[in-house]
Amino acid sequence: MRTKIVKAFSLVFVVVFLLGCTETKQHKVLKLAHGLDPTHPVHKGMVFMAERLAEKSGGKLTIDIYPSGQLGSEQQCVELLQIGSLAITKVSAAVMESFTPKFKALGLPYVFRSKEHSFKVFDGEIGKELLLGTEEYWIRGLCFYDAGFRSFYTIDKPINTPDDLKGLKIRVMKSQSAMEMVRALGGSPTPISWGELYTALQSGVVDGAENNEPSLYTSHHYEVCKQYSLDEHTCVPDVLIISTKVWNTLSEQEQKWLQEAADESVPVERKYWAESVEESLRIVQENGVKINYPDKELFAKKVAPLLDKYRKDEVLGDILRRIEAVK
């Protein structure tokens, strides 16, 4: 009984502590939590946003940031956000697939022709539509952050062709499209939470994973995985989301300040990202990681049937055609 009382008290304390938006006569404070390291470029982008918001509002509306999973996993942060106990968090666009199928298009392999093409999609009409398409789930998108191209890294086997993935257990996000992609390439997709992946790699539960350069570095996965193959199969962005329960408590002026600060942080985060990619590749190579440059066309051809399948889907087919039409 005592244990149950303690647990109940702890839960109440956490919820009260979090309260997505705390308010005094002087100003409002929005709580933002995420699982990234403070050295990560996406975190730095959010810090810039918080600074701009404080400047724009004259200190009337500010953001407190809790990085490194201090307030829970990505999934827990989303759940807290939906009930209004957390104001803002960062998720991968792959996570948003569970709220609207349109987001799945952003996680399909070789959808984007280049980084510039992806930016035009995220910053344009399609991006805006996706950001505002989850409000019925108490989630509103503020902006897309660059999360680079995702590629395969493995413990000791280089991935130079799709055939090299046969028999390998590859960690993926809990995303249907990510699992389908790895399966189409011949690997065995294994969903594992980000926080558990280092141990899973170290113990051999999985043979590798797929992610971008800064994540390979900041996660320290390069200590275990010594082969990084830049096939650049997907360009899944990060999404900064706010609880609609919190958003609706803000005045029109406060909403304007926040949205402007988020928008202004996007090009800054992209600059941080580009710098981080270069630095991360340098550091992991200095620590014994071999960088491989496979022929991407081999991988694109292998997953072409997967894209063809989705082009026949009523919802995804339309958005894929619109993405391909962006010049």
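Biologist: Are helix 4 and helix 10 roughly parallel or roughly antiparallel to each other?

Modeller: In this predicted model, helix 4 and helix 10 are roughly antiparallel to each other. The axes of helix 4, residues 115-123, and helix 10, residues 252-286, cross at roughly 155°, and an angle over 145 degrees counts as roughly antiparallel. The two axes come within 13 Å.

Biologist: Is the crossing of helix 4 with helix 10 left-handed or right-handed?

Modeller: Helix 4 passes helix 10 in a right-handed crossing.

Biologist: Which residues of helix 4 and helix 10 meet?

Modeller: From helix 4 there are K115, F119, F122 and D123, and from helix 10 there are V266, R270 and W273. By type, the residues of this contact between helix 4 and helix 10 comprise four nonpolar, three charged and no polar ones.

Biologist: And which residues of helix 4 are buried?

Modeller: They are K115, H117, S118, F119, V121 and F122.

Biologist: What do the buried residues of helix 4 pack against?

Modeller: Helix 10 is one of the partners. The others are helix 5 (125-131), strand 5 (139-145) and helix 12 (314-325).

Biologist: Let us change topic. How is the chain divided into domains?

Modeller: There is a domain 1, made of 29-146 + 237-282, and a domain 2, made of 150-235 + 288-325. The C-alpha centres of domain 1 and domain 2 are 23 Å apart.

Biologist: How many residues of domain 1 and domain 2 are in contact?

Modeller: The contact involves 34 residues of domain 1 and 32 residues of domain 2.

Biologist: Now helix 6 and helix 11. At what angle do their axes cross?

Modeller: The axes of helix 6, residues 176-184, and helix 11, residues 296-311, cross at roughly 140° and come within 8 Å. That angle makes helix 6 oblique to helix 11.

Biologist: Which residues make that contact between helix 6 and helix 11?

Modeller: Helix 6 contributes Q176, E180, M181 and A184, while helix 11 contributes K302, V303, L306, K309 and Y310. The residues of the contact of helix 6 with helix 11 include five nonpolar, one polar and three charged.

Biologist: Next, some single residues. Where is S92, and is S92 buried or exposed?

Modeller: S92 belongs to strand 4, residues 88-92. With a relative accessible area of 6%, S92 is buried, because buried means under 20%.

Biologist: What is S92 in contact with, beyond its neighbours within four places in sequence?

Modeller: The contacts of S92 are E74, M173, V236, P237 and D238.

Biologist: Let us follow D238, then. Where does D238 lie?

Modeller: D238 lies in strand 11, which covers residues 238-243. Its relative accessibility is 8%, so D238 counts as buried. Apart from residues up to four places away in sequence, D238 touches V42, K90, V91, S92, C143, F144, Y145 and A147.

Biologist: One more: where is N212, and is N212 buried or exposed?

Modeller: N212 sits in the loop between strand 9 (208-211) and helix 8 (213-218). N212 is buried, its relative accessible area being 2%.

Biologist: Which residues is N212 in contact with, leaving aside its neighbours within four places in sequence?

Modeller: N212 is in contact with A147, F149, R150, Y228 and W273.

How values were computed:
Residues are numbered from 1 along each chain as its sequence is written. This is a predicted model: local features need pLDDT of at least 70, side-chain atom pairs count only at pLDDT 80 or more; totals for chains, interfaces and linings use all residues. Side-chain values use heavy atoms; hydrogens and water are left out. Axes are lines fitted to C-alpha atoms, for helices over the stretch in contact, and angles run from 0 to 180 degrees between N-to-C directions. Helices (H or I, at least four residues) and strands (E, at least two) are DSSP runs, numbered from the N terminus. Angles under 35 degrees count as roughly parallel, over 145 as roughly antiparallel, 65 to 115 as roughly perpendicular and the rest as oblique. A crossing is left-handed if the near helix is turned anticlockwise from the far one by less than a right angle, and right-handed if clockwise. Contact means heavy atoms within 4.5 Å. Ala, Val, Leu, Ile, Met, Phe, Trp, Tyr, Cys and Pro count as nonpolar, Asp, Glu, Lys and Arg as charged, and the others, Gly among them, as polar. Buried means under 20% relative accessible area, exposed over 50%, partly exposed in between (1.4 Å probe, protein chains only). Domain bounds come from an automatic or database domain assignment.
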